[in-house]
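Student: I have a protein model to study. Can we go through it together, one question at a time?

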Amino acid sequence: MASVTQTRAVPRGFRISKRVLPYVLSLPALLVCIGILIPFFSAVVYSFQRYRLSQPWARQFNWGENYLNFFTDSGFWNTLRVSLLYAGTTVILELLLGLGIALLLQRRSTVNNFISIMLLLPLMTAPALAALMWKLMTNPGFGILSYFASLIGLENFRWASSPDTALLTVVLVDIWVYTPFIMILLLAGLRSLPTQPFEAAALDGVPRTFVFFRITLPMLTPYILTATLFRLLDSIQQFDIIYAMTQGGPGDTLTVFQVEAYLNFFQSTNVGRSAALLIILWAITYTLSNVFIKNWLRLRERARGEA
């Protein structure tokens with residue numbers, strides 16, 4: 001008796017060709033890229049226009065006049081100076097403090113882990129809220145920090161309301177908020193370093209300063225460059241803390257790029273100048289990021305060659 005085999009059709013699901021699959025997987029990244037490029041190129045177009053929201057009928061291309069005016073504008077050079085000074089000061093101080101704290105917490109223990117978690121709390125606070133909190137604490141009338149300042153003889157210390165101390169005040173707020181970011185990156189780097197060089201140095205009785213400068217610091221340099229790059233790009237574009245504390249004042253003491261562009265757009269309704277300022281800020285951040293990335297790649301290649 002012949003056996004009859006019955007075949008059932010297996011339902012096919014939705015299949016994507018192997019040739020099409022890479023394009024489908026890269027589609028979300030492409031959409032994000034388009035979403036970034038559209039505002040960017042719009043800002044480039046606006047930067048070449050004489051465009052005020054209060055005078056839309058006078059809108060026209062001026063072909064680089066906004067950029068040329070910056071060369072003779074003392075306000076622009078003050079904005080550039082303040083932005084670089086603020087970014088350089090905050091990054092250097094935060095790097096030194098973050099590295100020092102990371103070295104103190106390098107050894108794994110329950111206490112060190114708890115302290116490192118507690119130190120991350122400022123990083124979880126929105127910068128604008130942190131600035132408002134510090135603004136209350138530095139109030140000359142009832143601020144707790146003003147009270148402590150008076151105890152050491154600093155009566156009527158004006159904090160952010162004085163051109164002489166405004167930069168110091170916002171730098172303190174920035175340090176309080178963002179030092180934990182550098183600390184946690186460098187702490188992760190320190191705990192991931194190989195232990196063999198340090199064990200050999202301990203057996204040979206090498207001084208700790210020599211170990212730090214000749215072993216720890218060179219091996220930690222890629223992590224330091226990474227933390228510095230992230231903080232430098234963020235600091236030079238700072239807006240929340242400065243605007244919440246001083247609105248760019250007193251006067252033009254703290255008119256960094258983002259604050260100056262904001263004031264030009266919303267107060268002066270000068271869209272063209274505001275867009276030109278942001279394009280120049282983009283050019284500065286692009287140059288800085290390229291320099292840091294090239295140095296980071298060079299260090300990585302050197303490490304691979306020595307390995």
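**Loops, contacts and helical spans**

Tutor: Thr269 has a relative accessible area of 18%, so Thr269 is buried. Buried means under 20% relative accessible area, exposed over 50%, and partly exposed in between, with a 1.4 Å probe and protein chains only. This is a predicted model: local features need pLDDT of at least 70, side-chain atom pairs count only at pLDDT 80 or more, and totals for chains, interfaces and linings use all residues. Residues are numbered from 1 along each chain as its sequence is written, and side-chain values use heavy atoms, with hydrogens and water left out.

Student: Where does Thr269 lie?

Tutor: Helices are DSSP runs (H or I, at least four residues), and strands are too (E, at least two), numbered from the N terminus. Phi of Thr269 is near 55°, a positive value in a residue other than glycine. Thr269 sits in the loop between α12 and α13 (271-306).

Student: What is the phi of Trp159?

Tutor: Most residues other than glycine have a negative phi. Trp159 lies in the loop between α7 (144-151) and α8 (166-191). Trp159 is not a glycine, yet its phi is positive, at about 50°.

Student: Is Trp159 buried or exposed?

Tutor: Check the relative accessible area of Trp159: 10%. That value makes Trp159 buried.

Student: Which residue does a cis peptide bond join to Gly249?

Tutor: Most peptide bonds are trans. Here omega is about -5°, and the bond is cis. Gly249 is joined to Pro250.

Student: Why does Thr255 count as buried?

Tutor: Thr255 lies in the loop between α11 (240-246) and α12 (257-266). Thr255 counts as buried because its relative accessibility is 6%.

Student: Which side chain makes a polar contact of 3.4 Å with the side chain of Thr255?

Tutor: A polar contact is a pair of N or O atoms within 3.5 Å; within protein, one must be able to donate a hydrogen and the other to accept it, and residues adjacent in sequence count only if both atoms are side-chain atoms. The side chain of Thr255 also reaches the backbone oxygen of Asp252 at 3.2 Å. The 3.4 Å partner is the side chain of Asn78.

Student: How far apart are the end C-alpha atoms of residues 166-190?

Tutor: UniProt, in an unreviewed entry, lists these residues among its "transmembrane region" positions; such annotations may be inferred rather than shown by experiment. The chain there is 100% helix and 0% strand. The end C-alpha atoms are 35 Å apart.
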